[in-house]
Amino acid sequence: MSTAYELTGAGSADADADVAEAAGVAGMAGVAGAATDWAAADPYSTALRTGRGPLFLRRADGWLLPLEVERWCARADPADLAILDRCEGAVLDVGCGPGRLVAELAARGRPVLGIDVSATAVAHTLELGGQALRRSVFDPLPGEGRWATVLLIDGNVGIGGDPLALLRRAADLLVPGGLLIAETAPVDVDERAEVEVVGLPEADATGRAFPWARLGTPALLRYAHREGWRTAGQWTAGGRCFLALRSPSARSSAEPPKSTAVISSQWARNPSAERPVADR
């Protein structure tokens with residue numbers, strides 16, 4: 001029977017080489033990459049070190065999105081395991097946080113790399129036995145165009161505040177026809193915001209706001225279909241919502257993928273005044 005690597009066009013030797021390349025850089029993870037977004041948010045690092053919240057994304061008008069630090073710092077739960085069971089070939093976990101998914105896949109013997117802009121998150125992932133780099137998804141990454149699966153879990157579909165830019169970047173990272181698994185908001189929402197990470201709702205502003213998006217499944221499907229992605233699955237587990245997508249089978253350019261590619265994005269419109277960052 002063909003392996004997952006053969007089915008996706010990502011050979012195991014290539015996958016192992018890409019993760020090995022990452023491992024060689026991982027020792028410099030504390031200084032690699034730009035300290036942006038989450039990495040600039042001290043409450044986030046503190047929460048990961050302690051393994052508990054409270055922690056929120058706060059919009060300028062005061063609306064809050066609670067962040068599930070305790071779940072992120074725990075072992076992979078049944079909903080997480082259902083995600084990992086669907087993964088194919090070599091896996092790139094974008095915004096890996098403290099590394100529970102990377103660690104679980106590594107324990108299964110799967111080629112996997114986590115990336116996160118937080119040095120604390122990367123260090124925690126390494127401590128769990130996973131491989132991780134301190135990088136933004138929009139930075140140059142090992143194995144561009146050769147990953148079989150990309151994960152955007154725990155709200156990371158919001159990275160950069162521009163869903164189209166993130167989908168295009170994911171397509172560049174994946175093999176043609178590769179698998180993207182994203183976690184979506186449990187409500188039908190499509191919004192952009194400038195947010196900051198705070199440990200308490202009444203905490204003083206940090207001055208470190210960054211663009212973020214919040215998408216329900218219908219919104220992500222609309223953006224994905226515009227870009228030529230195909231729906232590969234949709235499910236709920238543990239009160240969470242997930243969507244699996246297949247990247248376009250043909251690239252828009254005849255040029256082969258380059259591992260030095262850098263993608264920039266233009267942040268989308270401001271959110272409407274009527275819609276909160278979180279309504280739960």
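Reader: What makes the largest nonpolar core a core, and which residues have the most contacts inside it?

Author: In this predicted model, the largest nonpolar core has 47 residues, and those with the most contacts inside it are Leu-92, Leu-180 and Trp-229. The name applies because a nonpolar core is a set of buried residues of kinds that include Leu and Trp, joined through side-chain atoms within 4.5 Å. Helix H8, residues 163-173, gives the largest share of this core, namely 6 residues. A second, separate core of 21 residues includes Ile-83, Leu-101, Val-112 and Val-122. As a general point, nonpolar side chains tend to be buried together in soluble globular proteins.

Reader: How do you know which residues Leu-180 is in contact with, once its neighbours within four places in sequence are left aside?

Author: The test for a contact is heavy atoms within 4.5 Å. With those sequence neighbours left aside, Leu-180 is in contact with Val-150, Leu-152, Leu-167, Ala-170, Leu-174, Trp-229, Leu-243, Ala-244 and Leu-245.

Reader: Why are strands E5 and E10 said to stand at the edges of the sheet?

Author: The sheet is an open one of 7 strands with mixed pairing, in the order E5-E4-E3-E6-E7-E11-E10. Strand E5 (132-134) and strand E10 (230-237) each have a single partner strand, so one side of each is left without a neighbour in the sheet, and they stand at its edges. From one strand to the next, the twist averages 20 degrees.

Reader: How do you know that E4 and E5 count as paired, and in which sense do they pair?

Author: Two strands count as paired if there are at least two bridges between them. Strand E4, residues 112-116, and E5 have 3 bridges and pair in the parallel sense, and therefore they meet the requirement of at least two. Within this pairing, Leu-133 in E5 is the bridge partner of Ile-115.

Reader: Which helices lie on these strands, and at what angles to E4 and E5?

Author: Helix H6 (residues 100-107) lies across strand E3 (91-94), E4, strand E6 (147-152) and strand E11 (240-246), and runs at about 170 degrees to E4. Helix H7 (residues 119-127) packs on the sheet and touches E4 and E5, its direction making about 165 degrees with that of E5.

Reader: Why is the pair of Arg-240 and Asp-77 still called a salt bridge, and where in the chain do the two residues lie?

Author: The closest N and O atoms of Arg-240 and Asp-77 are 3.6 Å apart, and because the limit is 4 Å, the pair is counted. The two residues are 163 residues apart, with Arg-240 in strand E11 and Asp-77 in the loop between helix H4 (69-73) and helix H5 (78-86). Arg-240 counts as buried because its relative accessibility is 7%. Arg-240 and Asp-77 also belong to a network of salt bridges that links them with Glu-68, Arg-71, Asp-80, Arg-100, Asp-154 and Glu-183.

Reader: What makes Arg-246 and Glu-88 count as buried?

Author: The cut-off for buried is under 20%. Arg-246 has a relative accessibility of 19% and therefore counts as buried, and Glu-88, at 18%, counts as buried too. Their side chains meet in a salt bridge of 2.7 Å, N to O, which links Arg-246 in strand E11 with Glu-88 in the loop between H5 and E3, 158 residues apart.

Reader: What makes the backbone at Asp-154 worth a remark?

Author: Asp-154 has a positive phi of about 60 degrees although it is not a glycine. Asp-154 is placed in the loop between E6 and H8, and it counts as buried because its relative accessibility is 18%.

Definitions and conventions:
Residues are numbered from 1 along each chain as its sequence is written. This is a predicted model: local features need pLDDT of at least 70, side-chain atom pairs count only at pLDDT 80 or more; totals for chains, interfaces and linings use all residues. Side-chain values use heavy atoms; hydrogens and water are left out. Buried means under 20% relative accessible area, exposed over 50%, partly exposed in between (1.4 Å probe, protein chains only). Helices (H or I, at least four residues) and strands (E, at least two) are DSSP runs, numbered from the N terminus. Axes are lines fitted to C-alpha atoms, for helices over the stretch in contact, and angles run from 0 to 180 degrees between N-to-C directions.
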